[in-house]
Amino acid sequence: MGEYHYSIDDKGRLTIPAKLRYDLGEKFIVTRGLDNCLFVYPMNEWNNVINKYKELPNTKDARNFMRFFLSGATVCEFDKQGRINIQMPLLKYAKLTKDCVIIGVNDRLEIWSKDMWDEFISQNEDNLSDIADSLFSVNLN
């Protein structure tokens with residue numbers, strides 16, 4: 001969990017905060033996420049995701065989603081400075097150019113362009129109470 005602000009360099013390298021590197025392990029997966037961000041999974045969580053996908057029906061929607069999600073999946077490792085190298089198709093998809101936001105979301109990290117993250121927050125912050133109420137059906141006060 002948490003929110004971290006970093007810059008991506010012109011070679012597509014992004015530093016991952018030290019406290020998050022340990023949880024990711026030596027090798028992990030970076031892929032297209034939803035809402036124009038990237039998802040970053042430790043290998044054990046990635047395997048859980050893949051096992052869930054194997055249970056999906058062979059419908060057009062399932063095939064299309066798996067194509068979108070899995071075609072961008074890349075095995076990554078940290079360099080000596082704790083950076084990852086993000087491939088060009090993923091950089092383009094997430095509109096990553098300079099300022100990035102890395103957030104922890106349960107079983108994964110998400111990497112957002114700062115502009116896209118700010119837009120997401122702006123569009124959703126007024127509705128968070130309603131969203132929480134509909135998800136949890138209890139008063140969270």
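Which residues make a nonpolar surface patch of about 410 Å²? Leu 128, Ile 131, Leu 135 and Phe 136 do.

## Basis of the report

This is a predicted model, in which local features need pLDDT of at least 70 and side-chain atom pairs count only at pLDDT 80 or more, while totals for chains, interfaces and linings use all residues. Residues are numbered from 1 along each chain as its sequence is written, and side-chain values use heavy atoms, with hydrogens and water left out.

## Surface patch

Patches are made of residues with over 30% relative accessible area and no salt bridge; like charges are joined within 9 Å, and nonpolar side chains (Val, Leu, Ile, Met, Phe, Trp, Tyr) within 5 Å. Accessible areas come from the Shrake-Rupley method with a 1.4 Å probe, and for residues only the protein chains shown count as cover.

Ile 131, one of the patch residues, is in helix α6 (residues 128-136). Helices (H or I, at least four residues) and strands (E, at least two) are DSSP runs, numbered from the N terminus. Ile 131 has a relative accessible area of 34% and is partly exposed. Buried means under 20% relative accessible area, exposed means over 50%, and partly exposed lies in between (1.4 Å probe, protein chains only).

## Nonpolar cores

A nonpolar core is a set of buried Ala, Val, Leu, Ile, Met, Phe, Trp, Tyr and Cys residues joined through side-chain atoms within 4.5 Å. In soluble globular proteins, nonpolar side chains tend to be buried together. The largest nonpolar core has 22 residues, of which Leu 14, Leu 38, Ile 86, Leu 96 and Ile 111 touch the most other members. At least two residues of this core come from each of α1 (18-24), β3 (27-32), β4 (38-42), α4 (88-93), β7 (99-105) and β8 (108-113). The largest share, three residues, is supplied by α4. A second, separate core has 13 residues, among them Cys 37, Trp 46, Ile 103 and Trp 112.

Contact means heavy atoms within 4.5 Å. With neighbours within four places in sequence left aside, the contacts of Leu 38 include Val 30, Thr 31, Ile 86, Leu 90, Leu 96 and Ile 111. Thr 31 is in strand β3 and is buried, with a relative accessible area of 0%. Not counting residues up to four places away in sequence, Thr 31 touches Leu 38, Phe 39, Trp 46, Phe 69, Gly 72, Ala 73 and Leu 90. The C-alpha atoms of Thr 31 and Val 75 are separated by 9.0 Å, and the two residues are 44 residues apart along the chain.

## Cysteines

A disulfide is a pair of cysteine sulfur atoms within 2.5 Å, and by this rule the count is zero. Cys 37 is in no disulfide, and the nearest cysteine sulfur, that of Cys 100, is 12 Å away. Cys 37 is buried, with a relative accessible area of 1%. Cys 76 is also in no disulfide; for this residue the nearest cysteine sulfur is again that of Cys 100, 14 Å away. Cys 76 counts as buried at 6% relative accessibility.

## Salt bridges

A salt bridge is a side-chain nitrogen of Lys or Arg within 4 Å of a carboxyl oxygen of Asp or Glu. The structure holds five salt bridges. One joins the side chains of Asp 79 and Arg 83 (2.7 Å, N to O); Asp 79 is partly exposed at 28% relative accessibility, whereas Arg 83 is buried at 19%.

Glu 110 forms a salt bridge with Arg 108, with the closest N and O atoms 2.8 Å apart. Glu 110 is buried, with a relative accessible area of 7%. Asp 107, Arg 108 and Glu 110 are linked in a network of salt bridges. In the salt bridge of Asp 118 with Lys 114, the closest N and O atoms are 2.6 Å apart. Asp 118 and Lys 114 are separated by about one helical turn, because they are four residues apart in helix α5 (residues 114-124). Asp 118 is partly exposed at 33% relative accessibility, and Lys 114 is partly exposed at 29%.

## Loop residues

Asp 35 is in the loop between β3 and β4. Although not a glycine, Asp 35 has a positive phi of about 65°; Asp 35 is exposed at 53% relative accessibility.

The loop between α4 and β7 holds Lys 95. Lys 95 has a positive phi near 55° and is a residue other than glycine, and counts as partly exposed at 46% relative accessibility. Thr 97 also lies in the loop between α4 and β7 and is exposed, with a relative accessible area of 67%. The C-alpha atoms of Thr 97 and Lys 114, 17 residues apart along the chain, are 9.3 Å from each other.
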